[in-house]
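Have the viewer open as you read.

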Amino acid sequence: MTAIILWFVGGRLVDQWKQFRGTPIEVHPRWSLIALSCVVVLAAYAVLIETWRRILRAWGDHLGFVEAARIYFVSNLGRYIPGKIWSIGVMAEMSRRRQVSV
């Protein structure tokens, strides 16, 4: 019985896929909105980086914006490594190498 159901569902999926592939798709991206969204994302990152810099300044350390941005972006790559702690560890180590207190 399961084989019959799988055969029927598979046949329907193949038919629907053929119909989908035959449908013409026209894409007209609105580049102005894409550019605006990029600006918004970069502004949000700039706010996060500047907030981190001001926290460091309140603790008595200093880090330039470009260097802080580099550390922030590189350490955020750690989120793709299983364990969820790598991002913080990488940020701490990269900051330590720039004589910023961990």
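The points below go through helix packing, then aromatic rings, then a backbone detail.

1. A quick heads-up before anything else: this is a predicted model.

2. Start with how two of the helices sit together. Helix 2 (residues 31-58) packs against helix 3 (residues 65-76) at an angle of about 110°, and their axes are 10 Å apart. Angles of 65 to 115 degrees count as roughly perpendicular, so that is the label for helix 2 and helix 3.

3. Now look at who touches whom. On the helix 2 side you'll find Y45, A46, L48, I49, E50, W52 and R53, and they meet F65, A68, A69, I71, Y72, F73 and N76 of helix 3. Sorted by class, this contact has 11 nonpolar, 1 polar and 2 charged residues.

4. Next, the rings: the structure holds 4 aromatic pairs. One of them is W17 with F20, a tilted pair with 5.4 Å centre to centre and 40° between the planes. Both residues are in helix 1 (residues 2-22), 3 residues apart, or about one turn of the helix. W17 is exposed at 51% relative accessible area, while F20 is partly exposed at 44%.

5. Y45 and F73 make another tilted pair, with ring centres 5.0 Å apart and planes at 55°. This pair links distant parts of the chain, since Y45 is in helix 2 and F73 is in helix 3, 28 residues apart. Ring pairs also join Y45, Y72 and F73 into a cluster.

6. Last, check Q99: its phi is positive, about 60°, although Q99 is not a glycine. You'll find Q99 in the segment after helix 4 (86-97), and it counts as exposed at 67% relative accessibility.

Conventions: Residues numbered from 1 in each chain as written. Predicted model: local features only at pLDDT ≥ 70, side-chain atom pairs only at ≥ 80, totals over all residues. Heavy atoms only, no water. Axes fitted to C-alpha atoms, helices over the stretch in contact; angles between N-to-C directions. Helix = DSSP H or I, 4+ residues; strand = E, 2+ residues; numbered from the N terminus. Parallel < 35°, antiparallel > 145°, perpendicular 65-115°, else oblique. Contact = heavy atoms within 4.5 Å. Nonpolar A, V, L, I, M, F, W, Y, C, P; charged D, E, K, R; others polar. Buried < 20%, exposed > 50% of the residue type's maximum accessible area, 1.4 Å probe, protein only. Phe/Tyr/Trp six-rings, centres within 6.5 Å; stacked < 30°, edge-to-face > 60°.
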